[in-house]
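I opened the model to look up a few strand pairings, a helix pair and a ligand shell. My notes follow in the order I made them.

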Amino acid sequence: MIKIENLSRDYKLGDGTDFFALKDISIEIPKGIFIGVLGPSGSGKSTFMHLIGGMDRPSSGKILIDSVDISTLSANELSYFRRNNIGFVFQSFYLIESLSVIENVMTPAIFSGMSTRDARQKAKEILSELNITDKLDLKVSNLSGGQKQRVAIARALMNDPDIILADEPTGNLDSKNGEEVMSILKNLVKKGKTVIMVTHNKDLISESPFIISFMDGKIVDINKNKIDIPQNPNNSKHKNRSINFVELFKLAKNNIFQNKLRNLLTAIGISIGVAMLIILLSFGFGLKANLEKGLSSIISTNTITVSPSKNSGFSFSPVTAVSKGKLKILDLSTIKTLSKIKNVKEDWGQNAFFGNMSFKHTKGAIYIESLSPHQYINSSIYSSIAVGKIPQGDKGGILLQRTVAKEFSKNINSLVGKNIKISIGSGASVLSPTSLYTKAQTFSIKIVGITSGHLSYISYNQSILWSKLLENTKNPKFSNIEVLSNSTSNVKTIASIISSKGYGTQTLESVISELNTPFLIVDSILGIIGGISLVVSAIMILVIMLMEILERTREVGILKAIGAKRSDIRNLFILETIIIGSIGGIFGLVIGIIVIDILNYFINIFIKSSGGAATTLFSSPLYFYLLVFLFGIFIAVIAGLYPSSKASKMNPIDALRYE
Ligand SMILES: Nc1ncnc2c1ncn2[C@@H]1O[C@H](COP(=O)(O)OP(=O)(O)OP(=O)(O)O)[C@@H](O)[C@H]1O
Ligand SMILES: [Mg+2]
């Protein structure tokens, strides 16, 4: 029994007044029979049907179906109600155009948790009962009106509902097809179903035992022809199963294939964004990695450079003259003290000299650093030697910087073995802030090699000799002391012990950490640029999605009419965008990596041609690729979510009519 009590449905009009599409109607409709609904256009017939079918909500009143008041059900409960008990047949069919005949029929069962296989089987049976045995895998747009309506009826029967609501099902059909649809509907009643049919054609329903006539939102006539009410009409069912993930995935996959062009464009948009992000950020990462690599060739990972003051700050050369605060003396006894710290393997002094060099009649300024006493520490200097050898021992000679050597001779090779003179003045040393040079000295020294590096070098012993003479003491001072740890893991502890004694310390790690801030800025800027390109591609996706919103909104309306829950629809759309985002993300990764490789290849050719060592300028850590990939999917979901969530929140009947 369908029992309606004081049912009203009013619409707020633009001018603020209320318009009653249905006004205070009450009626009891028996089940298991054919019910005809008549009335002029605009009299409220469709409104009435939508309310009975749970597609719309009343403004007031009750709709009791088998004693359940459906006006009090929650959105999800109403979805279950529609799915289990109602089959809709519309004048304009409302099939999903992108799906095939059989897929359209299967959809309600799939959303009720049936497997594709079972649903296909059942759809086939129903379709063959309605005389559709071929064309099952054809797109519905290829069908005639009569065929479309039969497919729509088959879909309405898919979940075996007890009530079929047909709103002018023959309105768009010629008389022959109309009669066929009528006979199908009448047959359903024989099987125990309740069919309520709206029509403008009185003749079609003249034999109907129960005819309701509407006028201006009110029931004006109920014509009961010799009603023969069946004893056991089908009754409401309460099955609350939901679509499972595998089926949802199949559906999503199917939808993606149905809209190839749109989804391809979306995936391309995502892949461009992802590739841009990878290329730009790899540049930032690579730049930093290269700098770190460069630094670690200058600064050993196991050494700590000790300077006379904590405030001497960061510098690449041991120039500490700008230091503030109290200066500690670095001399031979300091070396001894520091060598006693736990885990210190070795330590030695380092000095730098600034003076004038003369060779034959040419003069020029020269900056000289001392080498370490341990040759293996100087390995990076070995590799920079262009001609000759590294200075060693007490009278090891000088390894001259190539650019300086060029000032003295065009043929720098001929300089090796020659003696030059180096003069260093008296007064406070510029380079060793605690040293006082008591008198000017001129040293004669042999050139033993030429280096392509940026400094000239003398041996450790040679530098101590010079310092002793310049300072006129047996205990000369150093500009720095280099402390070598027995392992990299102890560097930090040793540095903090030395620092606690009031010395300045510098390790590779501390240098790199000082570089982190500027690099964070560079990375952020590159990331923002990459992010913008991803946002642009997201907007592109949004536009594509919005272009499709009409089709999608209809689809949402149809899915809701057949009983899909809002959450099912939302999940379906999210899954679709995740799949598209993943495809785009993978493409983006591949494109990004290929572009990076190509760029690295050409940059290397350029670097090698200008005499540099091979480098990988663009490079990223592995986790970063995963992050960018996930970010791509995230953007796809955000862009895809807006139109679909907008559609899924709509009242099903508004979604169906959306234009
Ligand atoms: N969303 C809406 N906003 C405002 N008015 C509406 C809305 N939907 C329907 N109406 C109005 O409610 C009235 C009843 O509409 P309904 O669709 O139920 O008529 P109908 O009897 O089915 O007509 P037809 O035979 O043309 O299909 C009409 O005057 C219609 O304009
Ligand atoms: Mg209507």
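Which residue of S23 does Ser307 stand opposite? I found Gly504 in S23 opposite Ser307.

Before going on, I noted the conventions. The model is predicted, local features need pLDDT of at least 70, side-chain atom pairs count only at pLDDT 80 or more, and totals for chains, interfaces and linings use all residues. Residues are numbered from 1 along each chain as its sequence is written, and chains are lettered from A and ligands numbered from 1 in the order in which they are written.

Entry: I checked the pairing of strand S11 (residues 303-307) with S23 and found it antiparallel, over 3 bridges. Strands and helices here are DSSP runs numbered from the N terminus (strands E, at least two residues; helices H or I, at least four). Two strands pair if DSSP finds at least two bridges between them. I then traced the sheet as 4 strands in the order S12-S22-S11-S23, with antiparallel pairing. Strand S12 (344-350) and strand S23 (504-506) are its edges, each pairing on one side only. From one strand to the next I read an average twist of 25°. Helix H13 (residues 491-500) packs on this sheet and touches S11, S12, strand S22 (480-485) and S23; contact is taken as C-beta atoms, placed from the backbone, within 7 Å. The direction of H13 makes about 15° with that of S11. Angles run from 0 to 180 degrees between N-to-C directions, and axes are lines fitted to C-alpha atoms, for helices over the stretch in contact.

Entry: strand S13. I counted 8 antiparallel bridges between S13 (residues 352-359) and strand S14 (residues 362-370). Phe353 stands opposite Ile368 in S14. The hairpin of S13 and S14 has 2 residues between the strands, and Lys360 takes a positive phi near 55° there. S13 also runs antiparallel to strand S17 (residues 419-424), with 3 bridges, and I found Asn356 opposite Ser423 in S17.

Entry: a helix pair. Helix H16 (residues 566-609) and helix H17 (residues 622-649) pack at about 145°, with axes 7 Å apart. Their contact has 12 nonpolar, 11 polar and 3 charged residues.

Entry: ligand 1. Among the residues I listed around ligand 1 are Tyr11, Phe19, Gly44, Lys45 and Thr47; a residue is near if its C-beta atom, placed from the backbone, lies within 6 Å. Strand S2 (18-29) and helix H1 (45-52) each give two or more residues to the shell, and H1 gives the most, with 3.

Technical notes. Ala, Val, Leu, Ile, Met, Phe, Trp, Tyr, Cys and Pro count as nonpolar, Asp, Glu, Lys and Arg as charged, and the others, Gly among them, as polar. Two residues are in contact if their C-beta atoms, placed from the backbone, lie within 7 Å.
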